[in-house]
Amino acid sequence: MVFVTEPVETDRLLLRPYEEGDLDAIADLLSIPKVMRYLFEEPLSREEAAATLHRRIPMRKIEQEGDRLALVVTLRESGTVIGTVNLTLRSEEHRQGEIGYVFHPDHQGRGYATEAMQALLDCGFQTGGFHRIYGRCDARNFSSARLMKRLGMRREAHFVENEWFKGVWGSEFMYAILKREWEVG
Ligand SMILES: CC(C)(COP(=O)(O)OP(=O)(O)OC[C@H]1O[C@@H](n2cnc3c(N)ncnc32)[C@H](O)[C@@H]1OP(=O)(O)O)[C@@H](O)C(=O)NCCC(=O)NCCS
């Protein structure tokens, strides 16, 4: 499986690979406590954000299990970076992928995450050859659970206290959708 995506345009957004020039926007986004609340990392310093950016710049194609496509989401009109999305190949044999997304609070509540993730799922199923794509979120992360539901994903699991998360036992939801379900819409 080899999957490289070109920058993707939607009505309002452009999804493209990370660039050196994204440091200010990425450092800002990943420093915000409420953005990082349900992610595994704590808010990042600028140095940590720079390291993250450099790890993500080469994440432009999927060739083998574990590879991740990491994209920055910008507003087409202004070029403003409003969030990030990713798709990881979790199993090559079973063609299973996992999604992730982070949006800046200034740009939440307008359907941008839905629009970006629809485009990414479309690439994953139409170009990438995935059979099933899933996402996991903290069971308290209602915005994330709502987003996956809006995308047409099915809640397949509620893992109860399955991980030690930021000092307490955390529970997780898993949502998923199959290629044939995506195509039917
Ligand atoms: C998860 C996250 C991306 C969801 O963001 P979001 O802004 O709620 O999602 P969208 O951009 O799709 O916007 C949807 C909201 O905008 C509203 N909306 C307005 N215009 C819309 C449009 N044109 N299309 C769709 N929804 C629209 C929807 O009604 C919805 O509001 P609701 O949640 O009150 O029902 C965001 O909360 C986030 O980045 N959180 C921090 C990081 C994080 O936790 N990531 C996930 C880890 S699992």
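How many residues lie between β5 and β6 in their hairpin, and which residue in the turn has a positive phi? There are 5 residues between the two strands, and the residue is Gly79, with a phi of about 80°. The notes below go through the rest of this predicted model.

1. **Overall fold.** The protein chain holds 6 helices and 10 strands. Its radius of gyration is 16 Å, close to the 16 Å that the globule rule gives for 185 residues, so the chain is as compact as a globular protein of that length. Along the principal axes, the C-alpha atoms fill a box of roughly 40 × 40 × 30 Å. Of the 185 residues, 51% count as buried.

2. **The sheet.** An open sheet of 8 strands runs in the order β2-β3-β5-β6-β7-β8-β10-β9. The pairing is mixed. At the edges stand β2 (8-9) and β9 (154-165). Each has a single partner strand, so one side of each is left without a neighbour in the sheet. As background, strands of a sheet pair through backbone hydrogen bonds, either parallel or antiparallel.

3. **Strand β5 and its two partners.** On one side, β5 (residues 68-75) pairs with β3 (residues 13-17) in the antiparallel sense, over 5 bridges. Leu13 has Leu75 of β5 as its bridge partner. Pro17 stands opposite Leu71 in β5. The pairing of β5 with β6 is also antiparallel, and 7 bridges join these two strands. Here Ala70 has Asn86 of β6 as its bridge partner.

4. **Ligand shell.** The ligand is surrounded by 21 residues. The closest are Tyr101, Phe103, Gly109, Ala113 and Thr114. By class, the shell divides into 9 nonpolar, 7 polar and 5 charged residues.

5. Taken alone, the ligand exposes 940 Å², and the protein buries 71% of that.

6. **Which elements build the shell?** Those giving two or more residues to the shell around the ligand are β7 (96-103), α4 (112-127), β8 (132-138) and α5 (142-150). The largest share, 5 residues, comes from α5. Both β7 and β8 are also strands of the open sheet.

7. **Lys149 in α5.** This residue lies in helix α5. Is Lys149 buried or exposed? It counts as exposed, because its relative accessibility is 62% and the cut-off for exposed is over 50%. Lys149 and Ala176 are 27 residues apart in sequence, and their C-alpha atoms are 9.3 Å apart in space.

8. **The loop between β6 and β7.** Glu93 is found in this loop, between β6 (81-91) and β7. Glu93 is exposed, with a relative accessible area of 68%. Its side chain makes a polar contact with the side chain of His94, at 3.5 Å. Glu93 and Glu65 are 28 residues apart in sequence, with 8.9 Å from C-alpha to C-alpha. Arg95 is found in the loop between β6 and β7 as well. Arg95 is partly exposed, at 42% relative accessible area.

9. Most residues other than glycine have a negative phi, and most peptide bonds are trans. At 47% relative accessibility, Glu161 counts as partly exposed.

Conventions. Residues are numbered from 1 along each chain as its sequence is written. This is a predicted model: local features need pLDDT of at least 70, side-chain atom pairs count only at pLDDT 80 or more; totals for chains, interfaces and linings use all residues. Side-chain values use heavy atoms; hydrogens and water are left out. A residue is near a molecule or strand if one of its heavy atoms lies within 4 Å of it. Accessible areas come from the Shrake-Rupley method with a 1.4 Å probe; for residues, only the protein chains shown count as cover. Helices (H or I, at least four residues) and strands (E, at least two) are DSSP runs, numbered from the N terminus. Ala, Val, Leu, Ile, Met, Phe, Trp, Tyr, Cys and Pro count as nonpolar, Asp, Glu, Lys and Arg as charged, and the others, Gly among them, as polar. Two strands pair if DSSP finds at least two bridges between them. The radius of gyration is taken over C-alpha atoms; the globule rule is 2.2 Å times the number of residues to the power 0.38. Buried means under 20% relative accessible area, exposed over 50%, partly exposed in between (1.4 Å probe, protein chains only). A polar contact is a pair of N or O atoms within 3.5 Å; within protein, one must be able to donate a hydrogen and the other to accept it, and residues adjacent in sequence count only if both atoms are side-chain atoms.
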